[in-house]
Amino acid sequence: MHTHTAPPAAATPTHCPYCALQCGMTLTPDGASVKVAGREDFPVNKGALCGKGQSAAAVLAPNARLTTPLIRRQSGTLEPATWTEALDAIAANLTRVRTEHGNDACAVFGGGGLTNEKAYALGKFARTVLRTSQIDYNGRFCMSSAAAANQKAFGLDRGLPFPLEDIAHTGCVILVGSNLAETMPPAMRYLSELKANGGKLIVIDPRRTRTAEQADLHLAPRPGTDLALALGMLHLVVAEGRVDEEYIRDRTSGWEETRSAAMAHWPEYVERVTGVPLPHLREAVRLYTTPAAAMILTARGPEQQSKGTDTVGAWINLALATGRPGRPLSGYGCLTGQGNGQGGREHGQKADQLPGYRKLADPAARAHVAAVWNVPPESLPAPGRSAYELLDALGTDIQSLLVMGSNPVVSAPRAAHIEQRLRSLDFLAVADVVLSETAELADVVLPVTQWAEESGTTTNLEGRVLLRRQALTPPENTRSDLAVLRDLTARLNPDLTDGFPTEAEEVFDELRRASAGGPADYAGISYDRLKQDESLHWPCPEENHPGTPRLFLDRFATEDGRARFTPVTHRPAAEEPDADYPLHLTTGRVVAQYQSGAQTRRVPELNRAAPSPYVELHPRLAARLGIAEGAQVKVVSRRGTAQAPARLSPAIRPDTVFMPFHWPGKGRANTLTNPALDPTSRMPEFKVCAVRLERGV
C-alpha cells in the first residue's frame, strides 16, 4: 500500500477538485490521512466548504483510486501491467488504426476537470501528434450554449463578467435553472447577502428546490419553456415602458428586429405555454426593472436544451433591453459548472478551437499557434465533430479513442447507445484517477495523479486564474496526464517529444505564448504572480497588467464595441409529451454527489448522504398512478428504461418527474435523455424529454 508523504510545508494552500467555484482550501498531511480546511483568505468561499470539498481527500486513498496500469488480457479481464507495456500497447494500437483507417479514425475525448495545462497539452497532442480533427470534451455538455450566446451578444465568452462578490450588492438577481444550494453551496452566501442588503431574488425552476425556497419570487415553468418565459418578460418590459432607450442607442445594435420578435409573444400566450401565471410574470418584470442595478444568471436549466443558445440569447436580450450589461453591479452571467469548465473551454480541447479561445478555422489563429508549436499551419486539422456526434461515430468512422478525465458511460445522453458505441471500438484507452464505468470498458487503463498530487492552474467561473499546488507525493506507480502525453509522443512521433514537457509551469508558459493576443489572453499571468496573489482575471495581456475582473465597462468585445441583440422565437422542445409518453423528465444534481459520481461515489460519507438514484414526482401524480413513497418506479423514454425508488414531493410540477444523473446501472438517468442537439452549440437536450412511468419490480 502506498501512503502519501508530506512536502516541506505543513499546510499547502490549494483549491477544491470539484466545481467551478474552485474554493480555496489547505491540505495538511496527518500520518496516512490528509486534513482539509477552508481558506479564509480566498475571497470566493472565505473558508466555507461543502460536504464534497470537506471530504475531497478521501479519493486520494489507495483503496479508492487506481494505482497501477491495467490491460485487457486474452481472458477478457483487466489485469495489472507495467507502464512500458501499457504505453506500448496504446501506441501500437493508435499507429495501427491510423495506418489502416487514417488519422481521423483516432479520437480524443477530454474533460472540464482537466487543468489548463492538461487541456492545452491534450489539444496539442491530438492536432500535432495524432494529426486528428476528432477531439472534443465533456464541457460541451455543460456550458456550450451559454458560450455560444455570449459570443453572439458580447463577442467574448467568460462565464461571469464580474466577480461573485458583486452579486451581493446588486438590486435584483434572476437565477434561471440553477440550484446553487445543492450544486455550489458556498455560493449561497452571496444570495443571502443580496437579500440582507435589500435586494430581490427571482428563481426560475420547474422544481421548488432549496434555492427556490430562498427566493422572493419562484416561477415554475414547464420544462423546455424558458425561452418563451424570457420573451414574455421582454414583451412586458416594452409594453410597460421599462426599456432603457439611451443604453440601447449608445451601446447595442439589432434592437428593432429583437423587439418585433418579442412583441409577437403575448403574455397570455406565454402564460399558456409556460404555465406561469401572468401576475407572477408581471411581478418578475417589476422586481427586475425597479432597482438601478440587476443581474440575470443562467445555468444548465435553460442551457441544456436543443434551443439552449436561443434561450440564453433571450435572457441576454432582456438584460440588454434594460441596460444591464457593462454597468457596475449589473449584467448577464453564466454559472459555469465543472472545476475547470471555464479554462477547459479556452485552450484547445474543443473541436473547433485553438488556445486562447482562438478559432481553429481562422487562418491568423492557425498561423499564430502553429508558430508556437513549431509546426506548419497547414498541418493543423480542420474542426471536427462535437462531443455527442464524436461519441455517436465510435465503431464506425472512429475506431480508437483516448479518454482523459471523463465518464461518458454515465454522463452522455442516450447513454445505453453510447455505451454500445464504446464497446464497438477497435481500441479504447482511458487515463483516469479511478476505475470509472468508462474505464471498465477500456483495453488499457492508465492510473494518473490527481489534484493534490500535482501542480496546475484552473480558471474559475469568474475568469479568475488559480494555482493548485502540489501538497502530496503521488503513489509511486501513477503518472501525471502530462507525463502520459509525453510518453505517448515519444513512441508515436519522437521528434515532437520536447514539445510535451511534464512540468506544469513549463506547459503554462507555452500556453501564455499561444494565448497571447487571443480573446482569452493569459500572456501576463505567471506562476510567480499566482503564488503571490490569486486575483488575476483574464484577459491579462502583460506582466504588469492587473487583470480584468469586470468586463465590458467601456465597450463590448465586438468589432464595433456594441453588444448585439439577436432576435429569437419560442419553439417546442425536440420531444414533447404525447399519449404514449405523457410526462416531462428533467435531470440534475444532488448536494452530496458530483457529475457522473465517479469520484464522489467512492466517498463513504457522501454515499451515506446520497446513496442511490430516485424518481421525484408530485403526490397527485403518484396517487393517480398508484405509486407509493419508496416504491420502485420505471421511467420509460423512447431511448430506454431506468428504475429507481419513488420520492414524493409537492415541490415538483405534477406534469414533470426529476432524476439525478450521478449513477450508472438500472438507475442511470441518461439512459432516458434525448441527444437532440442545439444547431449552434451542439448541446444535447438533457433537461427535457418525454417519459411515462410504470410500476417497477
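Biologist: Where is the place of Arg 620?

Modeller: Arg 620 sits in helix H22, which covers residues 619-625, helices being DSSP runs (H or I) of at least four residues and strands (E) runs of at least two, numbered from the N terminus. This is a predicted model, in which local features need pLDDT of at least 70, side-chain atom pairs count only at pLDDT 80 or more, and totals for chains, interfaces and linings use all residues. Residues are numbered from 1 along each chain as its sequence is written, and side-chain values use heavy atoms, with hydrogens and water left out.

Biologist: And is Arg 620 buried or exposed?

Modeller: Arg 620 has a relative accessible area of 57%, so it counts as exposed, where buried means under 20%, exposed over 50% and partly exposed in between, with a 1.4 Å probe and protein chains only.

Biologist: What about Glu 506, where is that?

Modeller: Glu 506 lies in helix H19, residues 504-515, and it is partly exposed because its relative accessibility is 48%.

Biologist: Switching topic, how many residues of strand E17 are buried?

Modeller: In strand E17, residues 427-432, six of six residues are buried. Phe 427, Ala 429 and Ala 431 are buried on one side, and Leu 428, Val 430 and Asp 432 are buried on the other.

Biologist: Why two sides?

Modeller: Side chains in a regular strand alternate between the two faces of the sheet.

Biologist: Which residue in E17 does Leu 402 stand opposite?

Modeller: Leu 402 stands opposite Ala 429, and strand E16 (residues 400-404) pairs with E17 in the parallel sense over five bridges, pairing requiring at least two DSSP bridges between two strands.
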